[in-house]
Every structure is written in structure tokens, then in C-alpha cells.
Amino acid sequence: MSFQVIVFYSFAAWLIFAALMVISSKNSVKAALFLVLTFASASAIWLLLEAEFLAISLIVVYVGAVMVLLLFVVMMLDVDYAALRQGFVKKLPIAIVIAAAFFAVLYSFITSGEFSAENYAAPAAKAADYSNIKALGRVLYTEYFIAFEIAAVILLVAIVAAISLSFRGRRNRKAQVVSKQLEANKRNRLKILKVDPVESAQPEVAEQEEAKS
Amino acid sequence: MTDSMNLAFITSEIFLLVAICVIMIVDLYQRDKERMLTFALTQITLLVLFIIDFNQLSQERVIAFSGHWVNDHLSGILKLSIYAISFIALFYARPFISHRNLMRGEYYMLTLFSILGMMVMVSANSFLTVYLGLELLSLSLYALVALQRDSKLASESAVKYFVMGGLASGFLLYGISLIYGASGSLIITEVANHYQETPFGLIGKFGLVFIVIGLAFKFGAVPFHMWLPDIYHGSPSSITAFIASVPKVAAFGMTVRLLVEAFGQSVSEWSTMLLIVALLSVAFGNVIAVSQSNLKRLLAYSAIAHIGYFLLGIVPGTAASYSAAMYYIIVYALMTLAGFGIVIFMSSENHEYQKITDLRGLGRYHPWYGLMFSIVMVSLAGIPPFIGFWPKLEIFRHLVINGYVLEAVIAIAFSVVGLFYYLKVIKEMFFAESADSPAITSSRSLKIAVSVNCILLVIFGLMPDNIYQYCLQAFQIAG
């Protein structure tokens with residue numbers, strides 16, 4: 001057994017274990033963390049396939065960004081996960097039957113069908129200085145030019161939609177405006193009035209004051 | 001003819017994208033509450049697009065951008081109908097959104113973005129481009145439905161639409177990935193070539209099942225229809241009118257690209273699946289619609305039934321039957337737009353007329369509009385000489401020619417069931433007792449738009465060739 005095979009099987013085992021834990025763990029934060037583990041093992045398998053760039057972007061994009069956001073959402077929302085699980089046992093037999101049938105079909109593809117080892121020769125290993133990013137970049141801007149541009153438009157739609165769904169106009173907060181604070185001076189704020197001394201209208205009070213002193 | 005990077009083939013798409021960006025900036029500096037300028041610019045954009053594509057209509061079939069893009073008669077004619085129907089839909093939308101909390105520039109922008117997505121869908125020549133166009137369309141539609149933020153119903157249906165749309169995209173993508181694995185190419189013409197040489201294997205069948213399920217989900221055909229009535233009911237009426245009409249035309253283009261062009265060699269593989277879905281839709285849609293009392297839900301179930309008839313047009317798998325299906329879907333978009341136009345028309349500032357009983361007395365007090373709405377209903381039911389009749393006739397004709405006699409009989413029987421609920425609406429308008437007349441507060445532009453739309457149904461019904469000849473041209477049949 002070569003080293004690569006050992007690496008593949010260990011990461012594949014991790015991946016399956018983690019994926020099972022995602023759907024079976026009771027704690028939602030734990031489930032999200034297991035999803036991170038799933039992504040990490042998948043990216044290790046991609047590394048074995050010599051798809052270095054994809055492996056790294058899986059870590060950076062999914063583990064780094066998407067999953068962190070998901071964790072925030074999971075921690076902030078108070079979802080009753082026990083209620084979500086209702087009917088799990090009742091539907092389990094049907095789910096198992098469907099999953100088993102699905103597995104059987106997919107298994108037949110890779111053992112005897114069109115995806116079998118006889119139909120697909122193992123690809124030759126690339127040279128050590130082969131650049132994934134270069135190859136990707138080359139097809140991205142030539143062959144897949146139009147798809148790339150449409151993807152950009154989709155991002156634009158996402159921006160417009162997100163803003164239009166969350167922006168509710170300018171709000172007047174009680175915030176400090178530093179420039180206005182600095183502009184303030186004595187002349188604008190203070191007004192000194194000359195007030196004539198008022199003659200006391202209540203002599204009794206005045207007398208009491210005198211008595212105190 | 002193949003040409004790789006010639007931007008001339010996507011002139012209209014580039015124009016639309018630039019126009020959207022310009023409208024976005026212009027809208028930012030608008031103080032006008034009615035957003036007249038944004039509206040005018042949007043409509044002018046659609047007009048210009050119509051002119052650009054009308055002039056390019058006679059061009060030969062071109063495959064460009066390394067095979068990812070195709071310009072042919074089909075895409076040209078579908079685009080023209082998309083522009084025309086969106087144009088009318090926006091006239092409906094303006095008065096409706098102006099006195100709800102919806103009059104924002106984003107409404108027009110998202111509509112234009114979804115039109116861009118539909119343009120991509122109908123002239124895509126690879127699975128990737130089809131999918132990206134579909135996502136562009138769907139994302140804009142989700143946002144449009146959610147635009148009414150303060151309405152619980154709209155938010156709920158937006159989330160439902162989003163989840164269901166995501167599920168459908170997942171099915172579609174899974175099927176595409178299997179086909180990609182089996183054929184080694186994403187480009188539709190190359191997939192077709194692959195299956196010409198090699199037999200249709202198990203993986204191809206498996207992938208095809210998922211693609212058909214994804215399409216049925218997007219169309220809302222039985223048994224994947226559960227989301228459709230809720231979303232039609234929950235969204236603001238003007239957005240429902242848009243969702244129910246224009247994207248169907250684009251979805252037809254997507255179906256032709258995905259099924260007919262990629263798997264044209266193996267029609268029998270998918271036509272049986274479509275036949276089951278279509279007959280179920282015709283049956284369920286018509287029967288459930290009978291018990292609806294809400295006009296929007298009634299139209300939603302009638303949409304399911306109509307999708308069934310339309311899919312029956314694709315089932316025989318001949319070029320002539322595809323053109324009949326295309327005729328059906330364009331006409332249906334026009335009719336359903338008029339149908340939701342009624343709902344918009346009857347809505348006043350703070351009240352949405354939705355119940356069928358709300359239409360009581362309309363025929364007596366406003367006979368003109370009563371007549372208009374009767375035309376819509378009769379047309380949807382498919383009674384000659386109105387336009388709904390001719391595409392149905394063509395579809396049944398092609399079913400019978402190709403030996404689907406029993407299926408045609410079943411479909412006709414259920415369209416008699418359909419007649420019942422369409423006539424029920426007319427009965428409420430003209431024959432039900434009502435003490436007071438329903439108030440009509442809609443603006444003049446809406447009155448004109450509704451009348452024009454309904455009269456179009458009559459004119460096209462009297463001259464059915466007008467649209468049909470273009471549909472025949474799209475599939476290279478002399479009209």
C-alpha cells in the first residue's frame with residue numbers, strides 16, 4: 001500500500017465520519033464544526049488529486065468565510081432543534097431504503113458502469129512546476145469567458161438585492177459629529193445678558209435667610 | 001458558423017447590462033416619489049432591446065464563445081416575446097406598487113436583471129450557461145418577492161420560493177454533473193454528438209431523470225407543484241403577474257436547450273417521464289382549481305394545468321409539436337398576465353381584491369371591464385375564437401398525429417373540468433346578486449393596459465397566425 005493510498009483512505013474515513021456526525025449530532029454548533037471537518041478532509045483529498053488551488057480555495061472560502069458566518073447564525077438564532085428532529089425515527093426506514101438504492105446505483109456506476117476503472121485510465125501525474133492557477137486562469141478568461149461574466153452579474157444582483165432588502169433609509173441617530181463639536185465656540189453658544197438685580201418680592205423669606213446667617 | 005469571442009453576438013445583453021447600470025445611477029439621484037424617470041428609462045430599454053433583436057432576427061444560427069452561446073431563430077423570437085410581455089407587465093406594476101411600500105428603483109432593476117437572466121437562458125448552448133442564466137433569473141425573482149418587507153405573507157413566500165428554487169437547482173445540477181461525467185462535455189451540441197455515437201447508458205438515464213425533475217420543479221408541474229400556489233398567493237400581485245408569465249417563456253427555451261437539443265437523439269428516454277408529469281398536472285391542476293375561492297390561487301392551479309398542456313406539446317418530440325408548445329407558452333404568458341391584471345386592477349390603495357366573490361356586480365356596473373375579464377377567462381378556458389383555443393388545438397392535433405390518442409382525450413376531458421371554474425368567475429361577475437358596485441380606483445394607465453392586453457387576446461385569437469408563424473420559423477418549419 002503506497003503512502004498516497006493510506007492518505008486517501010484516512011481522509012476519506014474522516015470525511016464520512018464527519019459527514020455522518022453533521023446530521024446526527026444533537027448540538028447544532030457541533031454539527032457546524034463537523035461540517036468544517038468535512039470540508040477540510042475534502043480539501044485534503046483534492047490535494048491528492050493535484051487540484052491545489054481548489055483545495056486552498058475550499059479552505060479559504062468555505063471554512064474561512066462561509067462556515068464562520070454559519071456558526072454566527074447558528075449561535076445567534078434560537079432554533080428548537082428537538083422540534084426539527086421530530087419524525088426522524090418514523091421516516092428513517094424510507095430514508096434508509098432511498099439511500100441504499102441510491103448507493104447501489106452509484107456503486108454500480110463506478111464498478112461496472114461508465115465510470116469504472118476500465119473506462120477511465122488513471123491520469124498521468126503533472127510535473128512539479130505545473131501551475132493550477134495558470135491553467136484555471138487561462139480557461140476562465142477564454143473558454144469560460146461568458147460564464148465568468150454572467151457570474152459577475154449574479155454577484156451584482158446579490159448586492160442590489162441585499163441592499164434593497166435590508167436598507168431602510170437614513171436613520172437619524174444621536175451620534176457625535178466631531179467637526180460640529182470643534183466648530184462650537186463661546187460666541188455662538190453663550191449669550192451674556194445684563195440682568196438687573198430683582199428686588200425681593202417676598203420679604204419674609206429674606207428675613208429667614210438673614211436669621212439663618 | 002462558429003466564432004469565438006465576437007461581442008457582436010451578445011449586443012442586446014451588453015446593452016441591457018449597461019442600461020441597468022445607468023438606470024441604477026440615475027435612480028440614485030431621483031427625488032421623485034413616483035420614479036417616473038426610472039420607469040420611463042426601463043420601458044425605453046425594453047423597446048430598444050426589442051428593436052435590436054428584431055433586426056437580428058433573420059440571422060443564421062451562430063454558435064459563439066467556445067460553444068457556450070447560441071444565437072438562432074428560437075432564441076431571437078423567445079427574446080422578443082420576453083421583452084413584449086415584460087413591457088406590459090411593467091405597466092401593470094407601476095400603479096400597483098406606487099401606493100404600496102414597493103415603489104423603489106430596485107423593483108425595476110431586479111425586473112431588468114431577471115430579463116437578462118432569461119435572455120441568457122434562451123440563448124445558452126452549454127449546461128453551465130443555462131444554469132447561470134437560471135440562477136440570475138431566480139435570484140432576482142426571490143428578491144422581488146421579498147421586496148415587500150413588512151408583509152408577513154410575502155416574506156414567507158419568498159423564503160419558500162428560495163428554498164424550493166434551491167432544491168430544484170440542486171436536482172438540475174446533480175443531473176448535469178452526471179451527464180458531464182458520462183459525456184465529457186458541458187456544451188449541448190457536443191453532448192448531443194456524444195449520444196449520437198454512443199448508446200444511452202445508465203448514467204445518462206440517471207442524469208436525465210434529475211434534469212427532468214429539476215425542470216418540473218421550476219415549472220411547478222405535479223408532483224413538484226406544492227410551492228406554486230403559496231408563492232403566487234403570497235407575493236404582491238404585480239410580482240405574481242410577472243413571475244407567472246414571463247419566466248415561463250424562458251423556461252420553455254431552457255427545456256428545449258436541455259432536453260430537445262442535448263438529448264434529441266433519445267426522445268423516448270424523456271418523453272415518457274414528461275408525459276406522466278404533464279397528465280398529472282392537467283388532472284390535478286384542473287380538479288383542485290375548482291374548489292378555490294381565492295382568485296390568485298385559482299390562477300395558480302390553472303397555471304399548473306396549463307403547464308401540463310404545454311408539456312404535452314413537447315412529449316411527441318417532433319419539430320412541429322415543439323413549435324405548438326412554444327405557441328402555447330407565449331399565448332399562455334399573455335393570458336395569465338391579463339388574468340393577474342384583473343387582480344391588480346381590482347386592488348385599491350389599501351385593499352387587495354382576491355376573492356372571486358369580490359368581483360360580484362362588476363358586469364352590471366362596469367360592463368366594459370366585465371367584458372374584458374370575461375375574455376380573459378374564456379380565453380384561458382380555451383374557447384374559440386379567443387386565443388387560448390388555437391395553441392390547445394395545435395397541441396392536441398400533434399398528440400393525435402403522433403399516436404397519443406388516449407392522452408389527448410384525457411387532456412380534453414380535463415379541460416372541460418377547467419371550463420367550470422373559469423365560467424364560475426364569469427358567473428360571479430354577471431349573474432351573482434350584489435347590492436353595491438365594486439369600486440374601481442385604478443389609474444388611467446392601468447385601465448388602458450388591461451384593455452389593450454385583453455383586446456390583444458381577441459385580435460390574436462381572430463388572427464392566430466400572427467404569433468404562430470414565428471413559432472414555426474423558430475423550428476425551421478415554413479409558416
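Visitor: What makes B:Gly105 count as buried or exposed?

Guide: Let's count. A residue is buried if 20 or more other C-beta atoms lie within 10 Å of its own, exposed if 12 or fewer, and partly exposed in between, with C-beta atoms placed from the backbone. B:Gly105 has 20 other C-beta atoms within 10 Å, so it is buried.

Visitor: What kind of model is this, and how is everything numbered?

Guide: It's a predicted model, where local features need pLDDT of at least 70, side-chain atom pairs count only at pLDDT 80 or more, and totals for chains, interfaces and linings use all residues. Residues are numbered from 1 along each chain as its sequence is written, while chains are lettered from A and ligands numbered from 1 in the order in which they are written.

Visitor: Where does B:Gly105 sit, and which residues does it touch?

Guide: B:Gly105 lies in helix H4 (residues 105-122) of chain B. Helices here are DSSP runs of H or I with at least four residues, strands are runs of E with at least two, and both are numbered from the N terminus. Leaving aside residues up to four places away in sequence, B:Gly105 touches B:Asp27, B:Arg35 and B:Thr38; contact means that the C-beta atoms, placed from the backbone, lie within 7 Å. The C-alpha atoms of B:Gly105 and B:Leu28 are 8.0 Å apart, though 77 residues separate the two along the chain.

Visitor: Why is chain B called as compact as a globular protein of its length?

Guide: Chain B has 19 helices and 3 strands. Its radius of gyration is 21 Å, close to the 23 Å that the globule rule gives for 479 residues, so chain B is as compact as a globular protein of that length. The radius is taken over C-alpha atoms, and the rule is 2.2 Å times the number of residues to the power 0.38.

Visitor: Why is A:Glu50 called partly exposed?

Guide: A:Glu50 has 13 C-beta neighbours inside 10 Å, so it counts as partly exposed. It's in the loop between helix H2 (28-48) and H3 of chain A, with a positive phi near 65 degrees in a residue other than glycine.

Visitor: What makes B:Ser66 partly exposed?

Guide: B:Ser66 has 19 C-beta neighbours inside 10 Å, so the label is partly exposed. B:Ser66 is in the loop between strand S2 (62-64) and strand S3 (69-71) of chain B.

Visitor: How many residues of chain A and chain B are in contact?

Guide: 19 residues of chain A are in contact with 31 residues of chain B. H7(A) gives the most to chain A's side, with 13 residues.

Note on methods
Contact = placed C-beta atoms within 7 Å.
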